Amino acid sequence: MGLLTFRGGIHPDDGKALSKNREVVPVEAGDTLYFPLSQHIGAPAVPLVQKGDRVLRGQMIAEAGGFVSAPVYASVSGTVTGIRPMRMAAGSFCDCIVVENDRLMEEVPYEKAEWEELKREEILNRIRKAGIVGMGGAGFPTHVKLAPKDPEQIDTILVNGAECEPYLTSDYRRMLEEPDQVTEGLRIVLKLFPKARGCICVEDNKRDCAQALKKCLRPEDRIDVKLLKTKYPQGAERMLIYAVTGRKINSSMLPADAGCIVDNVDTVAAIYRAVALGEPLMGRILTVTGDAVSSPGNFLAPVGMLFSEVLEAAGGLKNQAEKLIIGGPMMGNAIFDLQIPVTKTSSALLALTADEVSAMEPSACINCGRCAEVCPGQVLPARLAVFADHGEEENFLKYHGMECCECGCCSYVCPAKRQLTQSIKSMRKMILDKRKKK
């Protein structure tokens with residue numbers, strides 16, 4: 001049987017050799033931490049503390065601002081010194097609770113549980129209270145995702161371990177070092193959906209992870225480990241669902257409409273810690289890598305820590321970095337300042353000695369069709385980019401511009417070096433903003 005995959009996609013140099021063999025190292029938090037109130041899709045969290053309050057590690061410092069929202073927890077003990085705006089990776093500003101670290105790491109007590117004995121609502125409540133969101137990048141509150149309108153229709157739980165984005169190895173290390181947390185977290189999710197079967201989806205360049213996960217399975221488990229073809233963007237939600245189930249969804253549908261729930265491996269591990277151990281989401285594994293980094297590796301960083309401090313843990317820069325990216329090179333955000341806090345959705349810091357993109361000189365489209373060949377959404381990127389550049393919203397929608405997943409494949413293969421993804425992404429954002437206002 002062939003490897004599971006989808007139509008389209010690309011095979012960029014993955015750069016994973018720089019950090020894949022580096023075990024996860026815990027990073028000590030700095031003197032001051034900044035906890036953004038909006039680390040998720042939905043309403044920002046509402047502060048529960050004020051200047052002068054002392055907080056403990058694991059204490060809720062901001063509560064969910066609505067059903068589609070998530071609380072925020074302190075990752076250190078210390079004193080609140082105020083609330084102020086900080087720049088985030090995407091360039092916008094967000095209010096952050098500022099905590100002065102007292103380095104005592106005094107913690108609140110955690111309430112462990114025998115999760116097999118918990119009812120459905122009790123499990124969902126523990127996930128909600130822990131502040132768990134999608135840690136693959138989207139940041140959708142997990143308790144909302146696990147409470148679809150018709151749970152009986154869910155027959156497949158997909159755990160995304162593809163990690164197809166170049167350079168990133170944090171999910172790889174999670175699966176290799178703590179496969180038991182991933183499988184146990186999936187068992188908890190499957191308890192919510194008795195008719196469903198679990199699939200842990202791993203690209204075939206991570207066969208060691210697949211073997212480690214299989215060793216954690218029990219005969220009675222409703223869990224399979226599926227091998228996917230190594231290809232970008234194999235881990236994109238729509239591509240993953242199609243590769244494993246053969247079902248297609250579009251931009252107006254949710255995975256639940258196709259009978260699926262999709263969660264990242266780190267999210268599933270966090271579900272285990274929340275439900276079984278009572279621990280809220282306070283940190284995550286980050287890959288710090290690139291040819292400008294002294295000692296690339298994977299680091300367990302507390303939420304609220306500055307990326308400048310995480311870089312120091314990797315030995316700083318050995319060469320001047322022309323380009324800094326939070327996330328991967330395909331879908332991450334280029335930044336100019338490392339004074340940005342780590343959030344629940346942070347995955348990596350990439351430091352490169354050459355900025356290849358800025359050195360490119362775009363030219364006219366030569367109508368080669370390469371962008372259409374690699375597009376996993378099966379749209380016409382070159383045409384959509386023209387509509388976007390000229391503000392032709394009607395034509396953009398007519399030619400299915402909202403089906404773009406912003407993966408960047410078209411820009412990567414374009415011989416004319418046109419920034420197709422950037423144009424399409426800008427138009428999509430404008431249309432979505434209009435829809436929200438209505």
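Helices α4 and α7 are roughly perpendicular to each other in this predicted model. Their axes cross at roughly 75° and come within 7 Å, and an angle between 65 and 115 degrees counts as roughly perpendicular. Helix α7 also packs against α3, and α3 in turn packs on a sheet.

**α4 against α7**
- On the α4 side, the contact is made by Gln-181, Val-182, Glu-184, Gly-185, Leu-186, Ile-188 and Val-189.
- These residues meet Val-265, Val-268, Ala-269, Ile-271, Tyr-272, Arg-273 and Val-275 of α7.
- By class, the contact of α4 with α7 holds 10 nonpolar, two polar and two charged residues.

**α3 against α7**
- Helix α3 (residues 170-177) and helix α7 (residues 265-277) have axes 9 Å apart and pack at an angle of about 45°.
- That angle makes α3 oblique to α7.
- Asp-171, Arg-174 and Met-175 of α3 make the contact with Val-265, Asp-266, Ala-269 and Arg-273 of α7.
- The contact of α3 with α7 has three nonpolar residues, four charged ones and no polar ones.
- Val-265, Ala-269 and Arg-273 of α7 are listed in the contact with α3 and also in the contact with α4.

**The six-stranded sheet**
- Six strands, in the order β1-β14-β13-β17-β15-β16, form an open sheet with mixed pairing.
- β1 (24-26) and β16 (333-335) are the edge strands, each pairing on one side only.
- On average, neighbouring strands of this sheet are turned by 30° against each other, direction ignored.
- β1 runs parallel to strand β14 (residues 297-302), and three bridges join the two.
- Within this pairing, Val-24 has Asn-298 of β14 as its bridge partner.
- α3 packs on the sheet and touches β1, β13 (283-289) and β14.
- The direction of α3 makes about 125° with that of β13.

**Helix α1**
- Ile-123, Leu-124, Arg-126 and Ile-127 are the buried residues of helix α1 (residues 120-129).
- These four lie on the same side of α1, because they cover an arc of only 160° around the axis.
- An α-helix has 3.6 residues a turn, so residues three or four places apart point the same way.
- The cover over the buried residues of α1 includes α2 (142-145), α4 (179-192) and α7.

**Ala-212**
- Ala-212 sits in helix α5 (residues 207-215).
- Ala-212 has a relative accessible area of 16%; the cut-off for buried is under 20%, so Ala-212 is buried.
- Leaving aside residues up to four places away in sequence, Ala-212 touches Met-175 and Pro-179.
- Met-175 is also one of the α3 residues in the contact with α7.
- Between Ala-212 and Lys-434 there are 47 Å in space, C-alpha to C-alpha, and the two are 222 residues apart in sequence.

**Strands β3, β5 and β6**
- Strand β3 (residues 46-47) runs antiparallel to strand β5 (residues 60-63), and two bridges join them.
- Pro-47 stands opposite Ala-62 in β5.
- β5 also pairs with strand β6 (residues 72-73) in the antiparallel sense, over two bridges.
- Here Met-60 stands opposite Tyr-73 in β6.

Notes: Residues numbered from 1 in each chain as written. Predicted model: local features only at pLDDT ≥ 70, side-chain atom pairs only at ≥ 80, totals over all residues. Heavy atoms only, no water. Buried < 20%, exposed > 50% of the residue type's maximum accessible area, 1.4 Å probe, protein only. Contact = heavy atoms within 4.5 Å. Axes fitted to C-alpha atoms, helices over the stretch in contact; angles between N-to-C directions. Parallel < 35°, antiparallel > 145°, perpendicular 65-115°, else oblique. Nonpolar A, V, L, I, M, F, W, Y, C, P; charged D, E, K, R; others polar. Pairing = 2+ DSSP bridges. Arc of directions from axis to C-beta.
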